[in-house]
Amino acid sequence: VFIHLRHPDGSTVTQADHRPLGNLFPMSLWPVGETIRETSELALPADLSPGDYKLWTGLYLLETGERLQVENDTSGENAVPLGVIAVEE
């Protein structure tokens, strides 16, 4: 899993990567159509400027770095937008 926090200009200001659910429940065992809940921690830089930042997530193959396809992806990134995070002073 990757999580990216993006500056309004589109640049990534911080990110986190990890195996979904650690190694407790491999993706190869996930039932099709079932919702799997996952949490991620993302450390924010101490000098992060106030503003609205977009949060993105997706999956990739660890061996190749290739991202798994997202159906109807309009970003061209095979990533899913999760919303906007407002950073205040």
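Which residues of S1 lie on one side and which on the other, and are they buried or exposed? Phe2, His4 and Arg6 sit on one side. Ile3 and Leu5 sit on the other. All of them are buried, and both faces of S1 are covered. This is a predicted model.

S1 spans residues 2-6. Five of its five residues are buried, so the strand is largely enclosed by the rest of the structure. In a regular strand the side chains alternate between the two faces of the sheet.

S1 pairs with S2, residues 12-17, in the antiparallel sense. Five bridges join the two strands. S1 also pairs with S3, residues 51-58. That pairing is antiparallel too, over five bridges.

Arg6 takes part in both pairings. Its bridge partner in S2 is Thr12. In S3, Arg6 stands opposite Lys54.

S1 and S2 form a hairpin with five residues between the strands. Gly10 takes a positive phi near 100° in this hairpin.

**Pockets**

Rolling a probe the size of a water molecule over the atoms shows where empty space is left.

| Pocket | Volume | Lining by class |
|---|---|---|
| Largest pocket | about 320 Å³ | nine nonpolar, three polar and three charged residues |
| Second largest pocket | about 270 Å³ | five nonpolar, one polar and two charged residues |

The largest pocket has a volume of about 320 Å³. It is lined by 15 residues. Arg19, Pro20, Met27, Tyr60 and Leu62 are the closest to its centre.

The second largest pocket is lined by Val1, Pro20, Trp30, Glu34, Thr35, Ile36, Glu38 and Leu59. Pro20 lines both pockets.

Note on methods
Residues numbered from 1 in each chain as written. Predicted model: local features only at pLDDT ≥ 70, side-chain atom pairs only at ≥ 80, totals over all residues. Heavy atoms only, no water. 1 Å grid on protein atoms, 1.4 Å probe; cavity = no way out; pocket = protein on both sides within 12 Å on 5 of 7 lines; lining within 4 Å. Points joined across faces, edges and corners; volume = space filled by probe spheres on them. Nonpolar A, V, L, I, M, F, W, Y, C, P; charged D, E, K, R; others polar. Buried < 20%, exposed > 50% of the residue type's maximum accessible area, 1.4 Å probe, protein only. Helix = DSSP H or I, 4+ residues; strand = E, 2+ residues; numbered from the N terminus. Pairing = 2+ DSSP bridges.
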